[in-house]
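Here is my note on the model, point by point. Please read it with the structure open.

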Amino acid sequence: MFSAAAESFLRQAREIHEEELRRFVGRVSALLQGPEPGPEAAEGLRRLHLTVAATKYPRRLDGRFVELLQTVLCSPKSPEQVQVLCAAILREMSPCNDLILCCDEIQDTKLLSLVSSVLLAQGNKKGEVAAVGQRVVKVLEGRLPEGQSALVLLPVLANVISLSPESLTEEQTDAVSRRLAGWLRYASTQQGVAQPLGGFFSSPRTKQPAPVTEVDGAIATDFFTVLSVGQHYTQDQWLNVQAFSMLRNWLLCYGGQEGKAPNPGGDRSVTSIISTTSSSSRLLPPKEHLREKAFEYCQRLTEQSTRRPLKKDDGDLQKACLIEAVAIMDIICKQDSSYVHRALSSLKILHGRICGDATYARALLPIAQFFLNHSKLAAVDLDAIYKHLFTDIPAQLFHNSSLAFEFIQFCKDNNQLFTDTSGIFRQSFPNLFKFLAWNSPPLISEFVDLLPFLLDAGTAIEIFHLLLDLPCLTAALDIQLRAAALPTSEKATSDPAVKPATCLEAFRHPLYKSTFQHLLRSRSAPEDAPESLIPLRQLLGSLAGNPRVVQCAETVPVLLELFFGVVAEFADGCLINQLVVLLLQRSDQLYEIPAFKDDVYRVLSSQLAMLCKLRPALIVELSTEILEFSGAVSNIQSKEPIFTHVVWAVGEYLSVSYDKRCTVEQITRFFEALEAVLFEITQLRPLASTPSCAPRAISVLMATLTKLAARSQDLIPRVSMFLSKMRTFVQSPAVTSVYCEEDLEEILIRATELMNLLKMPSVAQFVFTPPMDVASTRLQREVNDSLPLALRMVTQLLEPAPGCMPV
C-alpha cells in the first residue's frame, strides 16, 4: 500500500491533461538545453517520469522532445542522474517510433547499460536485441578502460539471452563462457577496502584488506563464492555473484547438449581425469571449462551450506544458494554424464543431512529431481527418498505457499511418476490435495494440469470423495495448525465422556479422532467408508465462513468438471455405475456452504446426464437406487437440478431400445413412483400448503410420465387424466400466489402438448422411442427440457390454438 503522500502524487500525475503536460514538457526541454543540466532539470525529469508512468495508457510526448532526451542521454556532459531519468522516460515511452539511439560505438559501460535498456524495451522490431547482444559481448571481450566495470553489463546480457538467445554466435558465447569461468573461480578472497569519507576523523593510513569469512565466522580457506562474507566487496567479487546468478540460464542456452556415455569402469573417463586438476581444466574447450568451474563452484556451495550461520539472513541465503547449486549440477550432469558419479556422493550426504530439517524442505525437490533424471546411473534408494518427500513434506508443510507451488510444479514436470508402476506416488495423492485445500486460489491452474495424471480406475472413486470434501479438508487443516500451536498443557486428550464444545477440542477427542485422521490421511485409503465423515462435516460447519474455506469451495466445481471429463475417457460400465450411485449418495453429504452446494449440484446434474448418455443401461442396472432417489419428494426442493436430471434420464433411457433387459414391470414401477411424486406436489388440499417446486421439475415429471406411458400404453389413460387436471392446478389461488404467470403458462402449454401427443399412441411411441436408425434425426432433437420438436408439430396439427385445454 502507498502512503497518503504517495497516493496524492500519483493522483496528481494521472489527472494532468494533455495541454498541461505539453506546457510542462516545454519547461523541462528548456532546462535540458542549458549549458549543463542541473538539479532543476533532474527534478523536472523525475516529475515527468512519474507522469508518464502513472497511467495505464501511454502518454504522448513531442517527437522533438523525445529526440532531445536521447541527445541528453548520450551526452558526456550530462550528470549520471539525468541520464538515468532520460533512459527511464524513454523506456516508459517504448516502443517508440522516434528512436534514433544506437549502441554500436558506445565505450562507456554505464552509458551502454542505459542505452541498452531503452533498446531492449522496443520489442526487437528492428533487431535491437541482437545489436545490444553483439555490442555487450564485444565490450566484455576487450580490455575495459580504467574506471569501467563489467558489473553493469551482465544484467543486460542476462536480458539478451532471455529475449533472444540465438542472437549470439558460437564464438561470442565461447568468449563469455571463458569470462564466466574466470569470474566464478578466481575472484579475490580478500575483502575490499572501504572508501575514505574524508573529514577530520579520516585515517590517512589505508588498512590492509582482511580475508573474507564463511557464514559461521571462520576465515575462508577456499575460493570466493556468493556465500563468502565480507564487509566490503571488490569488483571481481561482485562479478562472481552476478555470474552465479545468470549461470543456470547461460548453461541451458549455451552449455551444449553433447551427453557423454558413462565409462563402465566408473567415473575415470578421459574427461574426468583431465578435469580433476585446475591447471589441466584450462585446456578444455570453453563450454567444458565453464562446466568444470561451475561444478566446482556448486560443490563448494554444498559444503558451505553445512556451516551454522551467525545471522538468520545468511541462513536463508544458504538455502536459496543450495537449491540453485543442485539445479545447476543437474544441468551439468545432463550435458556431460561423466559428472554424475562426482555429484552423487555429495548429494547423498547432503540429502541425509537435510531430510530431517523442515527448513530445508524446498531443497529436497531439486535433489529428488537430480536422482530422478539420473536414476539409471545413480545407485540410490529412490523409494526411500520419494517416500519421505511425498509422505512427510506435504503433511507438515502444506501451509508453506512457495513450497506448495514448487511441489506441484515438480509433480507436473514429472507427471510420468503417476503413470508408472511405482506405488509411492499413486498412494500419496491425498497429500497433494492438502496443498490445494490450503492454497487453492493460486494453485488451481497447476492442479488442473496435474489432476488428469492422478486419475485412473483405481483412484477415481477416492478422488471424487476428496474433491467433494475439499472445503472440509481446508477447515480440518486449519484446526490441525491451531491445535499444534496450543501450549503443551492444553494438548492432552479430551475426556471421552464430555462432548467437545469446539472444533479445537474435538481434534483430540476420541469421538472424532479417527475421522480427523481419515480426512487428514497422507496415503490412499479407498477401503475406508466416507460415511464416517458425516459427524465431522457437521462439526466443522462453524468454519464455513472462513475466507480460506470459502475460497477453496469456489474451486471445487472447476475440478469436478475436469474430473468427469477425464474419467469419461477411460471409465468402464462398473466404474460409471459406481460414480452414479456415489453421486446420488453424496448429494446429501456436502459441507454446509449454500453457494458451494448449489454450484456442486449444478455440476453433478450435468455430469449425471453425461454418464447416462455414456451408459444408458445404468437406468436398469441401478433401478433400485434411482427409484429411491427419484421417489423422494424432499429431493425436489433440496436438490432440484440433480432430481430433474435423474427424472429426465429415466424418461430418456428406460426403454428396450437402449437395454433389452427393460421390462413392462420396470416401466410401471418407475411410472407409479414418479406419478406419486407429481401427485404430491400438485395435489391441492385445503389444510396443506402448496409445495414450492421449480416449474422445470413439474414439466420434466409430466414429460417422463408421458414417455413411459408411450412405451406401456396401458398407462396412457392414467397420465392423460392427470394432465387434464393441470388447468385446475395452475388456476388455483394457492398456486398463482407461488408461481409467476410465465411459469404457469409454460406448465399448461406443456401439459396440452403431451395430451395431444397421447391422442395418437403410435405417433407418441415413435416420437419418444424412435428406432435407432432415426434416433438422431432433426425430428428427435431435444428442445425445452428434453421434449422433441415433434411435440410442437403435433399440437399445431390437433389444436390451432395451443393452450386451450378441453374441459
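1. Overall make-up. The protein chain has 41 helices and two strands. Helices (H or I, at least four residues) and strands (E, at least two) are DSSP runs, numbered from the N terminus. This is a predicted model: local features need pLDDT of at least 70, side-chain atom pairs count only at pLDDT 80 or more, and totals for chains, interfaces and linings use all residues. Residues are numbered from 1 along each chain as its sequence is written, and side-chain values use heavy atoms, with hydrogens and water left out.

2. Of the 807 residues in the protein chain, 51% are buried. Buried means under 20% relative accessible area, exposed over 50%, and partly exposed in between (1.4 Å probe, protein chains only). Contact means heavy atoms within 4.5 Å. Among contacts in the protein chain with a separation of 6 or more, 73% join residues 24 or more positions apart.

3. The core. In soluble globular proteins, nonpolar side chains tend to be buried together. Here the largest nonpolar core has 248 residues. Such a core is a set of buried Ala, Val, Leu, Ile, Met, Phe, Trp, Tyr and Cys residues joined through side-chain atoms within 4.5 Å. Tyr386, Leu432, Phe433, Phe516 and Leu540 have the most contacts inside it. Which residues does phenylalanine 433 contact, leaving aside neighbours within four places in sequence? They are Phe447, Leu451, Leu454, Ile463, Leu466, Leu467, Leu470 and Leu473.

4. Asparagine 431. This residue sits in helix α20 (residues 429-438). Is asparagine 431 buried or exposed? It counts as buried, because its relative accessibility is 0%. Its side chain reaches the backbone oxygen of phenylalanine 390 at 2.8 Å. Not counting residues up to four places away in sequence, asparagine 431 touches Phe390, Thr391, Pro394, Ala395, Arg521 and Ser522.

5. Lysine 434. Helix α20 also holds lysine 434. Lysine 434 has 3% relative accessibility, so it counts as buried. Beyond residues up to four places away in sequence, lysine 434 touches Pro394, Ala395, Phe398, Leu473, Leu477, Leu520, Arg521 and Ser522. Glutamine 396 is 38 residues from lysine 434 along the chain, and their C-alpha atoms are separated by 10.0 Å.

6. The largest pocket. Its volume is about 760 Å³. On a 1 Å grid over the protein atoms alone, a pocket is an open set of points with protein on both sides within 12 Å along at least five of seven lines; a cavity is a set where a 1.4 Å probe fits but cannot get out; lining residues have an atom within 4 Å of a point. Grid points are joined across faces, edges and corners, and a volume is the space filled by probe spheres set on the points. The pocket is lined by 30 residues, with Arg248, Ile323, Leu365, Pro366 and Glu406 nearest its centre. α14 supplies the largest share, 10 residues. The lining divides into 15 nonpolar, seven polar and eight charged residues. Ala, Val, Leu, Ile, Met, Phe, Trp, Tyr, Cys and Pro count as nonpolar, Asp, Glu, Lys and Arg as charged, and the others, Gly among them, as polar.

7. Cavities. The structure holds two cavities of 30 Å³ or more. α33 gives the most to its lining, with three residues. By class, that lining has eight nonpolar, one polar and no charged residues.

Conventions:
A polar contact is a pair of N or O atoms within 3.5 Å; within protein, one must be able to donate a hydrogen and the other to accept it, and residues adjacent in sequence count only if both atoms are side-chain atoms.
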